[in-house]
Every structure is written in C-alpha cells, then in structure tokens.
Amino acid sequence: MRRPLVAGNWKMHGTRASVAELINGLRQQVLPADVEIAVFPCSLHIAEVFGGLVGTGVTVGAQDCAVDPEQGALTGEVAASQLQDVGCALVLVGHSERRLLLGETDAEVVRKFAAVQSCGLTPLLCVGETLAQREAGKTLDVVGAQLASVVEALGIEAFIRAVVAYEPVWAIGSGLTASPEQAQQVHAAIRAQLAAQSAEVACAVRILYGGSVKAANAAELFGMPDIDGGLVGGASLNADEFGAICRAAGS
Ligand code: PEP
C-alpha cells in the first residue's frame, strides 16, 4: 500500500513575512495522519520553514540542487549535502520550469537525481509534456524518454527511494487540469515502464500528479488507482487551500 504524498512547491515566492504567515497558517491546519506532506520553499527560507514546522510532521524539501553533491567552488549553487545539513528530506529534480526556461537537460537531471540520493535525500523527479507534444500525440514518448534517461543511467534500484511527479506542462499554473482519466493514463504508463524492469519497485513507487491541483479537483484526481498524491504549486501558497488538498488525499 502506497502512502499518499502531497507536496507544495512554493517556487520563487515568499518574503520573510509572508513565509512566517504561511507557516502559521499551516500549523493551524488539521492534517491527515495517513498522508505524507512536504513543502518546498525557496532555498533562502528552508531553515526558517524547517524550524517553524517542527512538530507538525510536515517535511521540508528543496526545489533544486547542484549536479555535484558536495559543497565547493560553484557560485550561486546549493549542494545536496548542504540541503541535508539544514534538514531537507526531499529535492525536486527536473521541474519543467527548469527544463524549459533554464535549459536543464536530461543529463543534468540524472546527475542531480544521483547527487540527491548520494546525500541520503529523496529525489522527486518531475516529468511531463508540453501542449504541442500532447497535440502531436507524443505524450507517452516524451514522458517515457524523460523517465528512461534516469532508469538507464542509474538503474531501476534508484527508484526504490524516489518519487515521480507527472506534470503536464500545459496544466502548470494555467488553471487547466488534466482530467483524472488523462492523468491516470500517463501514470499507468509510467508504472508499466518501471514494472518492465521490476514489478516490486513499480508497485511501491509513488507517482504524483501536478498541474493546477486545487481543493475542488484534488479528490477526483487522487481517487485514480495510479495517482498517489499531488505536487501543488499555486494552491500551496494558501494554507487553507493546501490543507484541504492534503485532506483530500487522506482516506
Ligand atoms: C508546479 O509548479 O509544480 C505546479 C504543479 O504548479 P501549479 O499547481 O500552480 O500548476
């Protein structure tokens, strides 16, 4: 049985004041015990969020890391070992905003995934197609290739301690959501691709859906057999909305 995970990606949002307010709002939520909950603030706020959420059971993650796991001479980057030091448990890798807007390649995503695991943290690998790719009927090819680049480089065992998020690019921040059936089709394909190498790993790995998840559509999405929770952007900046999404993932 896979424990659902709801992860809030705060992206490049927040000031010290608004982050303190969000922490306070989250502390007031009744959060379901059978759901793992994580938030991903920008690196500047990680330590503050980690301290502010102590005792709530909410895990703190980072939105990215350097390709090299250890600290060193690399101006502006943050190493996975440094994230581990401040209390991070999870790290997003391969978010579409980084792939498409910052030119992050599959090879870099693989190195980041490996760096995260080498520091004892869990990578949350994001995959997803653009609208043009979906309209060209290429969704499963694109998502399959993004997943394959990690499996081929690091082996199926790398997914024993990893999470996958399917995030159609056209649904991110757009207000458009994949229908539960559209999302389930891709989630089932991701699980089948992993099952071709190890049925056991595929059965255990959590696959989250991301793309305009909100309280109003979460339960329907999370009710699909291969959707194990959500990666939530915009709606995670509102504690009440995020709390409701977390509760929708509970039993
Ligand atoms: C995201 O950025 O991962 C995301 C899913 O954003 P939103 O929920 O705002 O679409």
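Visitor: Leaving aside its neighbours within four places in sequence, with which residues is Gly243 in contact?

Guide: Gly243 is in contact with Gln29 and Leu31, once neighbours within four places in sequence are left aside; contact means heavy atoms within 4.5 Å. The model is a predicted one, in which local features need pLDDT of at least 70 and side-chain atom pairs count only at pLDDT 80 or more, while totals for chains, interfaces and linings use all residues. Residues are numbered from 1 along each chain as its sequence is written, and side-chain values use heavy atoms, with hydrogens and water left out.

Gly243 belongs to helix 11, residues 239-248. Helices (H or I, at least four residues) and strands (E, at least two) are DSSP runs numbered from the N terminus. Gly243 counts as buried because its relative accessibility is 0%; buried means under 20% relative accessible area, exposed over 50%, and partly exposed in between, with a 1.4 Å probe and protein chains only. Between the C-alpha atoms of Gly243 and Leu26 there are 7.2 Å, although 217 residues separate the two along the chain.

From Gly243 the account passes to its partner Gln29. Gln29 sits in the loop between helix 1 (16-27) and strand 2 (36-40). With a relative accessible area of 12%, Gln29 is buried as well. Beyond its neighbours within four places in sequence, Gln29 is in contact with Ala239, Asp240, Gly243 and Arg247. Its side chain makes a polar contact of 2.9 Å with the side chain of Asp240, and the side chain of Gln29 also reaches the backbone oxygen of Ala239 at 3.5 Å. A polar contact is a pair of N or O atoms within 3.5 Å; within protein, one must be able to donate a hydrogen and the other to accept it, and residues adjacent in sequence count only if both atoms are side-chain atoms.

The ligand site may be considered next. Of the 14 residues around the ligand, Lys11, Glu167, Gly173, Ser212 and Gly233 come nearest; a residue is near if one of its heavy atoms lies within 4 Å. A backbone N or O atom of Gly233 lies 2.8 Å from an oxygen atom of the ligand, and a polar backbone atom of Gly234 is 2.8 Å from a ligand oxygen. In the side chain of His95, an N or O atom is 2.9 Å from an oxygen atom of the ligand. The protein covers 96% of the 290 Å² of accessible area that the ligand has on its own, by the Shrake-Rupley method with a 1.4 Å probe.

Lys11 lies in the loop between strand 1 (5-9) and helix 1, and its phi is positive, near 50 degrees. Lys11 counts as buried because its relative accessibility is 17%. Ser212, in the loop between strand 7 (206-210) and helix 10, has a positive phi of about 55 degrees although it is not a glycine. Most residues other than glycine have a negative phi. The backbone oxygen of Ser212 is reached at 3.1 Å by the side chain of Asn217. Asn217 lies in helix 10, residues 215-222, and is buried, with a relative accessible area of 12%.
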